[in-house]
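Please read the following walk through a protein model with the structure open beside the text. Each paragraph takes up one part of the chain.

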Amino acid sequence: MSERVPFRVIHIEPAATPARQNADGQIQTRSFKGVYRNVRIGFAGLLFALFFATAWLNWNGRQAVLWDLAESKFHIFGATFWPQDFILLSALLIICAFGLFAITVFAGRVWCGYSCPQSVWTWLFMWCEKVTEGDRNQRIRLAAAPWSLNKLARRASKHGLWLAIGVITSLTFVGYFTPIRALASELLSFELGGVALFWILFFTAATYLNAGWLREAVCMHMCPYARFQSVMLDKDTLAVAYDPRRGESRGPRRKGSDPRAQQLGDCIDCTLCVQVCPTGIDIRDGLQMACIGCAACIDACDTVMDKMGYRRGLIGYKSEHSLQGGTTHWLRPRLLGYATALVVMIGALVIALQMRPMVSMDVIKDRGLFRENAQGQIENIYLLKIINKTQQPQRYALSLVDADGFVLQGKRELSIAAGEMSELPVSVAMLAERPASSSVDLTFEVQDLAQPQVHSRARSRFVAPLNR
């Protein structure tokens, strides 16, 4: 075996690679098979099923998942959320961020390689290229060939598939904010309104450009995750890596020959690992910012190792410690810290969801300071906005809490339909002839008549003149 080459971590862009060989400079990837490819297809299938199917599900006579911006209501299966619940959405986003951090510390950019929508849709668009234009070498020759009917037909078929996928994707995405059945009907009948049409065209163009043309540029230059991932990795992080101790020196050889007799390592320098890479890097140059951890190079290399009769794993998920002959430490402070924070935040979110009040109330004081009623009492006018967050109609009672000397006038009970909001104007009269203060805090309470433990309170102020 040749001299051992130490593992290198590189955070700069490599030079041009064999993957960039077509006329327009676009990366053309080679088809391949392998275990990680099957895993990625499984994750992609799950993502597609969740994204495309969920929008069409119904729940209690309405769309199961619908972010109704016009009504400021967000339906998620059996629950309805209002803007007052946005703190829960913020908590969910923080949990997702910590989950991403924990996964990155453990295994690098596996999210990018297996589940990121940008990667998943890019792989789908690359499959469309293979179906319409052939495999890598055929596409390279087609790109370099002069225009002809064959080339025009193949290119038109490819872009037609891309646009069709873009339209279906944008229709589904917009369908999470506008009822998708009505949206699809209006689209098919060419009756779509201006706002919905704009967003469908916008997201169609975004899908077409991002997955069809920009591709690796999004991962390398537009996605911030590529920029800060390196500071999250440590020497025990599993990342897609080439083992130079085993692979060097590189060189071709006959199957069955002894590489040691030729002073060669296991790498036969076939460059298949480069040809299958969606970002066009050479993983043998070390860990690079452009690597999305998709493991395509692992599948390609393992296939070559099988054909040569060598042991798999020349390229694999490895830590820097293991590449240097050491042991990978699975339990380490940073990973445990992220995992602990993740578990605590998930528990807190579950508790918050369980304790979420199923009725809420906002009190808005009328712009007028006060008025005098027919009995000579000072009155203040308020507008109560009460939200029924349950999925059943409810009856509620209104009252003042610890408000001696004040009386609530007007309607004391009301019914609110499931998931709806009711606005109720009320007045509060002061019984005392001379107020002790010109401003007094009042607490309003709304209580479920069937379940008294379900209630909500809101504070406001009562204003009165000191001299009468």
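Helices of at least four residues and strands of at least two are DSSP runs, and they are numbered from the N terminus. The model shown here is predicted. With that numbering, strand β9 covers residues 371-372 and strand β10 covers 378-388, and A374 sits in the loop between them. Is A374 buried or exposed? A residue counts as exposed when its relative accessible area is over 50%. A374 has a relative accessibility of 79%, so A374 is exposed. A374 can also be compared with G280: the two are 94 residues apart in sequence, and their C-alpha atoms are 83 Å apart in space.

Next, turn to the regions named in a database. An unreviewed UniProt entry lists "transmembrane region" for residues 39-59, 86-107, 161-180, 192-211 and 335-355. Two of these spans can be described further. In residues 86-107, the end C-alpha atoms lie 31 Å apart, and the span is 100% helix and 0% strand.

Now consider helix α4, which runs over residues 117-133 and includes E133. The relative accessible area of E133 is 4%, and the limit for buried is under 20%. E133 is therefore buried. Which side chain does the side chain of E133 meet in a polar contact? The partner is the side chain of R155, at 2.9 Å. Leaving aside residues up to four places away in sequence, E133 touches Q138, R139, L142, R154, R155 and K158.

Helix α5 covers residues 136-144, and α4 packs against α5 at an angle of about 75°, with the axes 9 Å apart. Angles of 65 to 115 degrees count as roughly perpendicular, so α4 is roughly perpendicular to α5. On the α4 side the contact is made by E129, K130 and E133, and on the α5 side by Q138, R139 and L142.

Strands come next. An open sheet of 4 strands has the order β13-β11-β15-β16, and the pairing is antiparallel. Its edge strands are β13 (413-416) and β16 (455-463), each of which pairs on one side only. From one strand to the next, the twist averages 30°. How many bridges join β11 to β13? Strand β11 (residues 394-401) is joined to β13 by 4 bridges, and the two strands run antiparallel. For A397, the bridge partner in β13 is E413.

The last topic is backbone geometry. Most residues other than glycine have a negative phi, and most peptide bonds are trans. N60, which is not glycine, has a positive phi near 55°. N60 lies in the loop between β1 (58-59) and β2 (62-63). Its relative accessible area is 65%, so N60 is exposed. F77 is also a residue other than glycine with a positive phi, near 55°. F77 is found in the loop between β4 (73-76) and β5 (79-81). With a relative accessibility of 32%, F77 counts as partly exposed.

Where is a cis peptide bond found? One joins E248 and S249, with omega about -5°. S249 is in the loop between α11 (244-247) and α12 (272-275).

How values were computed. Residues are numbered from 1 along each chain as its sequence is written. This is a predicted model: local features need pLDDT of at least 70, side-chain atom pairs count only at pLDDT 80 or more; totals for chains, interfaces and linings use all residues. Side-chain values use heavy atoms; hydrogens and water are left out. Buried means under 20% relative accessible area, exposed over 50%, partly exposed in between (1.4 Å probe, protein chains only). A polar contact is a pair of N or O atoms within 3.5 Å; within protein, one must be able to donate a hydrogen and the other to accept it, and residues adjacent in sequence count only if both atoms are side-chain atoms. Contact means heavy atoms within 4.5 Å. Two strands pair if DSSP finds at least two bridges between them. Axes are lines fitted to C-alpha atoms, for helices over the stretch in contact, and angles run from 0 to 180 degrees between N-to-C directions. UniProt positions are given in the numbering used here, feature names are shortened, and annotations may be inferred rather than shown by experiment. Angles under 35 degrees count as roughly parallel, over 145 as roughly antiparallel, 65 to 115 as roughly perpendicular and the rest as oblique.
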